[in-house]
Amino acid sequence: MRQAGRYMKEYRQVRMKHPILTICKTPDLAAQVTLQPINRFDLDAAIIFADILLPLEPMGIQLEFAKGEGPVIHNPVRDAAAVEALRPFEPDEKTPFVMEAIRIVRRELDGKVPLIGFCGAPFTLASYIIEGGHSNHYIRTKQVMLHSPLVWKDLMTKLAMTMASYLRSQIDAGVQAVQIFDSWVGCLSPEDYREYVLPYSRLVMDGLKGRGAPIIQFGTGTSAFLEAMREAGGDVIGVDWRINLDDAWNRLGPDVAVQGNLDPVALFGPVHEIKRRIEDIVRRAAGRPGHIFNLGHGILPETPVENVEAAIELVHTSTRR
C-alpha cells in the first residue's frame with residue numbers, strides 16, 4: 001500500500017524538486033519512484049506510481065494538489081448537467097504517461113518481481129468529485145446518492161466504464177495484476193453498499209474479463225459487507241485490520257484470495273510487537289493458498305524505515321517453507 005511514498009527519504013528528495021502531478025505525468029520520474037522501494041527492500045511486487053485521481057482530469061475535472069490540503073476539485077459534480085459534461089476518454093491518448101511509465105518499469109524489473117497497476121473505484125472517485133476533495137462525513141455524496149438516484153446511476157456508470165478502460169490499457173502496457181482502491185467505501189451501510197456501489201464495482205471488473213490479470217478489490221472499514229464485496233467480484237479481496245484475517249476469510253469463502261491485514265500504525269511499535277502481530281496474521285492464514293501479506297491501508301509518512309525493513313524480513317521468515 002503506497003510502497004513508493006512519503007516514508008522514504010529517496011521519495012521526499014524527488015518531491016522537493018517536483019510537484020506530485022509532475023512526477024505522475026513524467027514517465028521517467030514515475031518509474032524512478034516506483035522502483036525506489038524495490039531497490040531498497042526485499043519486496044515481492046511493485047505497484048506503479050500514479051494517483052487514483054489522474055484519470056479524472058481528461059474527463060473534465062479541474063484537479064489541484066493544494067499544499068497542506070491534498071487534492072482539491074475546483075468544479076465539483078453534483079447535478080445531471082455536470083455528469084453529462086464528463087467525457088469518457090481513450091487512456092492511451094489522454095494518459096500516455098501512465099502507460100509509458102509501466103513499460104519503463106517492466107523493462108527495469110526484468111522479471112524480478114511482478115508489477116501491479118491500479119485505479120480508484122467508482123464510489124471513491126465519485127465521492128472526491130462530489131465533495132470537492134476530502135471529506136469526513138460524505139454528506140454531499142450521500143445527498144446525491146439518496147436524493148438524485150438517476151444522477152448517481154449515470155455518474156457511477158460513467159466512472160465504472162472509464163476505469164475499466166483505464167485498467168485495460170494498463171494491462172496492455174504490461175501490468176500483471178490490478179488493484180481497485182475503494183478507500184472511502186467503509187462510510188456506507190451494508191444495504192447502501194449493495195444498492196449503490198456493488199453494481200458499479202462489478203461493472204469495472206466485468207470489463208476486465210479475459211485480460212488475464214488478477215484483480216484485487218480493496219476497501220477499508222468494510223467488515224460489515226465483505227460478502228457483498230465478494231459478490232461484486234475480483235480474485236483477491238483486501239482486508240483491513242478491524243477484523244481478524246481468518247474470520248474474514250471464512251466469511252469470504254475458500255475460492256478467493258485475501259490480502260492483508262497489518263495495521264499500518266503497528267509499524268511504529270517495537271520490533272518484538274511487530275513480530276508478534278505478523279506471526280498472528282500468518283497463523284490465521286494457516287498456510288492456505290492465496291494469502292498476500294500486506295498492510296490494511298496505506299503506509300504512513302512518519303513510519304520508521306528500519307521497521308518497514310524488519311517487517312518485510314519477518315513476513316518472509318514467518319512464511320518460508
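Residues are numbered from 1 along each chain as its sequence is written, and side-chain values use heavy atoms, with hydrogens and water left out. Because the model is predicted, local features need pLDDT of at least 70 and side-chain atom pairs count only at pLDDT 80 or more, whereas totals for chains, interfaces and linings use all residues.

A pocket is here an open set of points on a 1 Å grid over the protein atoms alone, with protein on both sides within 12 Å along at least five of seven lines; a cavity is a set of points where a 1.4 Å probe fits but cannot get out, and lining residues have an atom within 4 Å of a point. Grid points are joined across faces, edges and corners, and a volume is the space filled by probe spheres set on the points. The second largest pocket has a volume of about 1000 Å³. Its lining comprises 42 residues, and Asp44, Ile292, Phe293, Asn294 and Val315 lie nearest the centre. By class, the lining holds 26 nonpolar, 11 polar and five charged residues; Ala, Val, Leu, Ile, Met, Phe, Trp, Tyr, Cys and Pro count as nonpolar, Asp, Glu, Lys and Arg as charged, and the others, Gly among them, as polar.

Several secondary-structure elements contribute to this lining. Helices (H or I, at least four residues) and strands (E, at least two) are DSSP runs, numbered from the N terminus. At least two lining residues each come from strand 5 (177–182), strand 8 (257–262), helix 14 (271–285), strand 9 (291–295) and helix 15 (305–319). Helix 15 supplies the largest share, seven residues. Within helix 15, Asn307, Val308, Ala311, Ile312, Leu314, Val315 and His316 are buried, where buried means under 20% relative accessible area, exposed over 50%, and partly exposed in between (1.4 Å probe, protein chains only). An α-helix has 3.6 residues a turn, so residues three or four places apart point the same way. The buried residues of helix 15 pack against helix 14 and strand 9. Pro270, in the loop between strand 8 and helix 14, is partly exposed at 43% relative accessibility. The C-alpha atoms of Pro270 and Asn307 are 8.2 Å apart, although 37 residues separate the two in sequence.

The structure also holds one cavity of 30 Å³ or more. The largest cavity contains about 30 Å³ of space and is lined by Asp182, Val185, Tyr193, Ser201, Gln217, Phe218 and Met229. Four of these lining residues are nonpolar, two are polar and one is charged.

Thr141, in helix 8 (residues 139–147), has a relative accessible area of 0%. Residues up to four places away in sequence aside, Thr141 touches Phe123, Ser127, Ile130, Glu131 and Trp152, contact meaning heavy atoms within 4.5 Å. Thr162, in helix 9 (residues 149–173), is buried at 5% relative accessibility. Beyond its neighbours within four places in sequence, Thr162 is in contact with Met59, Pro88 and Phe89.

The structure contains zero disulfides, a disulfide being a pair of cysteine sulfur atoms within 2.5 Å.

Most residues other than glycine have a negative phi, and most peptide bonds are trans. The peptide bond from Gly260 to Asn261 is cis, with omega near -5°, and Asn261 belongs to strand 8. Asp110, not a glycine, has a positive phi of about 50°; it lies in the loop between helix 6 (96–109) and strand 4 (115–120) and is exposed, with a relative accessible area of 67%. Tyr138, also not a glycine, has a positive phi of about 60°. Tyr138 is found in the loop between helix 7 (122–131) and helix 8 and is buried, with a relative accessible area of 8%.
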